Amino acid sequence: MKQLFAMIALAGVVAGCSEGALKVQSKRPSFDGQIFRASAKPIEKRNRKDFVVSVRPVSKSETGAALAAEYEATRYCIKYFGTSDINWSVDPTVDGATLPVVDDVLQLSASCDE
């Protein structure tokens, strides 16, 4: 009886698998339909409040890169301070903001608001 249930379960798994379902999905979220590499690191090791967030490649989508920067900064502040309040040097979500992009990398300074 156990073998019958195992065979039925296996058949269901195999039947549910299609070529699209077998693709490995990225663990990173997408922004504006694109996946970016993003990181947030403290400016000084002793002071995690002030940090820099970097996102690349901006050439995929400037809007997506700005959203990825906001997401990564929010993760950083929640991890270290338990808050999502961020003070930006240049707010990446403000329409018309001139974002500092060098060599296809968006780099923004910010600080977590405690």
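1. Helices (H or I, at least four residues) and strands (E, at least two) are taken as DSSP runs and numbered from the N terminus. This is a predicted model, in which local features need pLDDT of at least 70 and side-chain atom pairs count only at pLDDT 80 or more, while totals for chains, interfaces and linings use all residues. Residues are numbered from 1 along each chain as its sequence is written, and side-chain values use heavy atoms, with hydrogens and water left out.

2. On these terms the protein chain holds two helices and seven strands, and their order along the sequence is α-β-β-β-β-α-β-β-β. If contact is understood as heavy atoms within 4.5 Å, then 57% of the contacts between residues at least 6 apart in sequence join residues at least 24 apart.

3. Accessible areas come from the Shrake-Rupley method with a 1.4 Å probe, and for residues only the protein chains shown count as cover. The accessible surface of the protein chain is about 8100 Å², and carbon and sulfur atoms account for 51% of this surface. With buried defined as under 20% relative accessible area, exposed as over 50% and partly exposed as in between (1.4 Å probe, protein chains only), buried residues are 26% of the 114 in the protein chain.

4. In soluble globular proteins, nonpolar side chains tend to be buried together. A nonpolar core is here a set of buried Ala, Val, Leu, Ile, Met, Phe, Trp, Tyr and Cys residues joined through side-chain atoms within 4.5 Å. The largest one has 21 residues, and those touching the most other members are Phe 51, Val 53, Val 55, Ile 86, Trp 88 and Leu 106. Two or more residues of this core come from each of strand E4 (47-56), helix H2 (62-81), strand E5 (86-88) and strand E7 (105-112), and H2 gives the largest share, seven residues.

5. Which residues does Val 53 touch, not counting residues up to four places away in sequence? They are Ser 39, Ala 40, Ala 69, Glu 72, Ala 73, Trp 88, Leu 106, Gln 107 and Leu 108.

6. Ala 110 lies in strand E7 and is buried, with a relative accessible area of 7%. Beyond its neighbours within four places in sequence, Ala 110 is in contact with Lys 49, Asp 50, Phe 51, Ile 86, Asn 87 and Trp 88. The C-alpha atoms of Ala 110 and Lys 49 are 8.4 Å apart in space, although the two are 61 residues apart in sequence.

7. Most residues other than glycine have a negative phi, and most peptide bonds are trans. In this model the peptide bond from Arg 56 to Pro 57 is cis, with omega near -15°, and Pro 57 sits in the loop between E4 and H2. In the loop between E6 and E7, Asp 103 has a positive phi near 55° and is exposed, with a relative accessible area of 72%. Asp 104, also placed between E6 and E7, has a positive phi of about 65° but is partly exposed, at 28%.

8. Two further loop residues deserve a look. Ser 59, in the loop between E4 and H2, is exposed, with a relative accessible area of 59%, and its C-alpha is 9.7 Å from that of Val 101, 42 residues apart in sequence. Pro 100, in the loop between E5 and strand E6 (101-102), is partly exposed at 34%, and touches Val 105, Leu 106, Gln 107 and Leu 108 when residues up to four places away in sequence are not counted.
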